[in-house]
Structures are given as C-alpha cells and as structure tokens.
Amino acid sequence: MTLSLVQSIALLLLAPHAWGQSPGASQAATGSNEADDTTSPPSPLPRACPTDCATEYFQNVPEEWESDYRRVMDNLTPLLGFYDIDIVAWPSSEPPPTLDGHSVQPGQYVGGRDDQRGRHRTLMVLEIDLNELRNQHAHRLSVIAHEYFHVYQRNRNPSLRGRFDIKWLIEGSAAVFESMYLDEYEREPNYYQTAQLRHADPQSFGAPMEHYENGEVNYGTSTAMVLLACKDVGFQRMIDFWKRRPTNQNWKRLFEDTFGMSVEALYAAGQAGGLDELKLSAMGSLKTIRY
Ligand SMILES: [Zn+2]
C-alpha cells in the first residue's frame, strides 16, 4: 500500500460525513458518560446469519477474488461475529458503484452512512486492487481481515463513531490482527516484518501517532506500538481494552488500568528503539482470544 493510499484511507475513516452523519453519533458526542469505562460485560457477539448477515453490493468482482473473499470471511466470522452491514466491492479498473444515489468513495475502509430510510449503516468498502490479485499479494487477503476488524471495533466500542479517534490504537490493532490472520490462516508468517515493522519509526513513536493527520507507511509505527504494548501480555489484552469502550477522554486511564503501564511509559520505551525485534508470536492465537 502506498503512502498516499494510507493517507486517503485515514482521511476516509475520519470523514464518514461523506455518507451523512448519524443523528445518534452527534447526540452521543455531547451527551452523557454512558460509554465511559464500563465494567459491565459487552453484549454477546452476533453469531447468526441471516439475521445478522451482511448485504453485499458486488460489482463485476473477479471470480478468484470472490472465492478468496468467501474463504477469508468464513475464517473471520467465527472469531469476530456476523454483522448486519453493507459490503461494497468492485475492481479498481472500474469506477466505484453507486449506493443510495451516492458514488462510493474509492479505497479500502470502513465508514458509516445513513441509508434512504434514515438508518445508520456501517459500510465496508473493498476496492479490489487487480495488481495485488495478479501478483497474489498477501495484502489482497489481509485487507479483508483488517477492515472486518474495524467492523468488530465499531461494534464493541460505539465511540468509534465520533468519540474516539486515537490512530495508533485503532489502526495498530487492525494491522496486528491482519498479520495474525495471515500467519494463522494463510501461511504468511512474515507480513508483519516485511510490510509493516519495516516502516516503523522510533522518531514518530508516541503522541504523533495519536493523530490521523500524521501519515505512515502501512501503519508501520502504529503496528509497532501495539506489538510493544502487548509484548508480555498478548493481543488478548488489546481486545480487553476495546471491550472497555475507550473514548478520547478516558483512554489513557483505561490503557494504564488494562496494561499496567502508562501510555507515556510505552512511548518512552518505543522511542528507545528495538522495534525490529518485536515478535508477532508473542501475541498468542486468534483462535483462543475471547472477543
Ligand atoms: Zn484501518
């Protein structure tokens, strides 16, 4: 993925208003503390289809891509659950499809929109990179895992619709999940090194990565930040953090509670270097994580 693509994805993640702002989201932004630091267990993940089944808007997708997509989703849904969302896919050689009278913004991202009946809908957008398909690049598979993890994040933490936007936590978690997916399900154990950690930068490790405005290649530094945070406790701890529904107001306190280390201590540790020695194997197995 190029830097410009990464930046455009970041912008799209930040700009769901292109699809219409949900009235619920704006009320929540000024409303009570209902989503703060809850210790009540989150509702069970939706496990059934068709009641929680995604609606697919596929336009001229190559057969080979669709069979990859089905297999990846068959692997992901037992882990992350089923969701009543809209999924749009089309080949990059064509203009994006139209949904509810709007042309879909190109790229690979998860956003939100209000449909014609005024209901807020989560939208997962998968523009198919035909070069990746031709070259059998692992990213053609991992991007599906990355974006579906964002769907899971939004379900676990509704604050992602306007009240929580710390980039390294959102993107680093999705990036680590996608690498764990490739390792466990696709026999691609080195993606986190060759595509992600290779771009990690100790100089920007820390507060700059809290903001989507600060671009990075393949979320390399954000990946390193999550790998370092979970180095001794596994990726389960990051999932536990998401389940506590962090907001922009409480996330540092929740992080320290969950990880037993302050955000500032994590930043200082990463700036000291050694990022290329981080190991994906320390994250544990996706199959044993309690989502
Ligand atoms: Zn992402």
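In this predicted model, K167, W168, E171, G172, S173, A175 and V176 of helix 6 meet S222, T223, M225, V226 and L227 of helix 8, where two residues are in contact if their C-beta atoms, placed from the backbone, lie within 7 Å. By class, this contact of helix 6 with helix 8 has six nonpolar, four polar and two charged residues, with Ala, Val, Leu, Ile, Met, Phe, Trp, Tyr, Cys and Pro counted as nonpolar, Asp, Glu, Lys and Arg as charged, and the others, Gly among them, as polar. The model is a predicted one, in which local features need pLDDT of at least 70 and side-chain atom pairs count only at pLDDT 80 or more, while totals for chains, interfaces and linings use all residues. Residues are numbered from 1 along each chain as its sequence is written.

**The chain as a whole**

- The protein chain has a secondary structure of eleven helices and six strands, where helices (H or I, at least four residues) and strands (E, at least two) are DSSP runs, numbered from the N terminus.
- Of the 291 residues in the protein chain, 39% are buried; a residue is buried if 20 or more other C-beta atoms, placed from the backbone, lie within 10 Å of its own, exposed if 12 or fewer, and partly exposed in between.
- Among contacts in the protein chain between residues at least 6 apart in sequence, those joining residues at least 24 apart come to 75%.

- The axes of helix 6 (residues 167-185) and helix 8 (residues 220-229) come within 8 Å and cross at roughly 85°, the axes being lines fitted to C-alpha atoms, for helices over the stretch in contact, with angles that run from 0 to 180 degrees between N-to-C directions.
- Helix 6 and helix 8 are therefore roughly perpendicular to each other, on a scale where angles under 35 degrees count as roughly parallel, over 145 as roughly antiparallel, 65 to 115 as roughly perpendicular and the rest as oblique.
- Helix 5 (residues 139-156) also packs with helix 6, at an angle of about 135° and with the axes 8 Å apart, and these two helices are therefore oblique to each other.
- The crossing of helix 5 and helix 6 is right-handed; a crossing is left-handed if the near helix is turned anticlockwise from the far one by less than a right angle, and right-handed if clockwise.
- On the helix 5 side, L141, S142, A145, H146, F149, H150 and Q153 meet I170, A174, A175, F177, E178, Y181 and L182 of helix 6, and by class this contact has nine nonpolar, four polar and one charged residues.

- Ten of the ten residues of helix 8 are buried, so helix 8 is largely enclosed by the rest of the structure.
- The buried residues of helix 8 pack against helix 6, helix 7 (191-196), helix 9 (236-243), helix 10 (251-259) and helix 11 (263-271).
- Of the 68 residues in the largest nonpolar core, M124, Y148 and A224 touch the most other members, such a core being a set of buried Ala, Val, Leu, Ile, Met, Phe, Trp, Tyr and Cys residues joined through C-beta atoms within 7 Å.
- Helix 6 supplies the largest share of this core, ten residues.
- Leaving aside its neighbours within four places in sequence, A224 is in contact with L197, A200, F205, G270, L275 and L278.
- L278 lies in the segment after helix 11 and is buried, with 23 other C-beta atoms within 10 Å.
- Not counting residues up to four places away in sequence, L278 touches L197, A224, L227, L228 and K231.

**Helix 9 and helix 10**

- Helix 9 and helix 10 pack with their axes 10 Å apart and at an angle of about 140°, which makes helix 9 oblique to helix 10.
- Helix 9 passes helix 10 in a right-handed crossing.
- R237, D240 and F241 of helix 9 meet L254, F255, T258 and F259 of helix 10, and the residues of this contact divide into four nonpolar, one polar and two charged.

**Two loop residues with positive phi**

- N60, in the loop between strand 1 (55-58) and helix 3 (63-80), has a positive phi near 50° although it is a residue other than glycine, and with 11 C-beta neighbours inside 10 Å N60 counts as exposed.
- R187, in the loop between helix 6 and helix 7, is not a glycine but has a positive phi of about 55°, and with 8 C-beta neighbours inside 10 Å R187 counts as exposed.
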